[in-house]
Amino acid sequence: MKILVCISSVPDTTSKINFTADKSAFDKNGIQWVINPLDEFALTKAIKLQESQGATVTVANVGDVATEAVIRKALAIGANDAVRVNVEPKDSFSVAKEIANIAQIGGYDLILCGKESIDYNGGAVPGMVAQLLNQPFVNGCVGLDVNGSEATAVREIDGGKETIAVKLPAVIAGQKGMVDEKDLIIPNMRGIMSARTKPLQVQEPTSSEVKVVGVSYDSVPQRAAVKMVTPDNLDELVRLLHEEAKVI
């Protein structure tokens, strides 16, 4: 079985987010980059299938050379090889198109990815990849078993969970719960050293088509100062909630 895991490089959750002076772009200065956490759940699941079923795992990334540190970490976690499309991602469609091209050429049985990246939270890439490949798609996956040419996926729905059987090849977008957090793999020294020699193929984009262009960005408004109310002053609390917070 051949598995393709799509990973994106995102700012560490502790990074302070700023934009350029004209608000036209994200300011990358001083940012620490990591594997998108939801993609990491998908990658860990792929490594488990590698261990239990002898699957080969390829990671795919759409990004410039700066993303290679993140790709090497994915290889250190256990992926066999990697493909990087040498272009800075502009929108979900352009990313999905490049991933679909990799998947089509490679003939993968299963495509795994996080349901969204934690930077832009678009959540559009996995579904677009499935549509471009004309393959079954399961989103919000919190459980996955593969048996031969069929996969059984558990996904979250409103008020519960749904179990779905799909024929492979298929696209599965996972989230927290796809594997237990305690099972996420931290690369050891042996993995880090072996990652240096694992194949990393760099290819040029197949298209320059972009359907969505960001116009401007705004930071989240700064929170107002906290007002303290003594426990015995309920009238003042109600007044503040009604007149200032406007929540009652």
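Which residues does Val59 touch, not counting residues up to four places away in sequence? In this predicted model, the contacts of Val59 comprise Leu4, Val5, Ile7, Leu43, Ile71, Ala74, Leu75, Ala79, Asp81, Ala82 and Val83. Val59 belongs to the largest nonpolar core, a set of 38 residues in which Val5, Leu43, Val59, Leu110, Leu112 and Leu144 touch the most other members. Two or more residues of this core are supplied by each of strand 1 (2–6), helix 1 (37–53), strand 4 (56–62), helix 2 (68–77), strand 6 (110–114), strand 7 (137–147), strand 8 (150–157) and strand 10 (170–174). The greatest contribution comes from helix 1, which gives 7 residues. Another core lies apart from this one and holds 20 residues, including Leu4, Val95, Ala96 and Ala103. In soluble globular proteins, nonpolar side chains tend to be buried together.

The protein chain as a whole contains 6 helices and 11 strands. Its C-alpha atoms fill a box of roughly 65 × 45 × 40 Å along the principal axes. Of the 248 residues, 38% count as buried. When contacts between residues at least 6 apart in sequence are considered, 69% join residues at least 24 apart.

Key:
Residues numbered from 1 in each chain as written. Predicted model: local features only at pLDDT ≥ 70, side-chain atom pairs only at ≥ 80, totals over all residues. Heavy atoms only, no water. Helix = DSSP H or I, 4+ residues; strand = E, 2+ residues; numbered from the N terminus. Buried < 20%, exposed > 50% of the residue type's maximum accessible area, 1.4 Å probe, protein only. Contact = heavy atoms within 4.5 Å. Core = buried A, V, L, I, M, F, W, Y, C linked by side-chain atoms within 4.5 Å.
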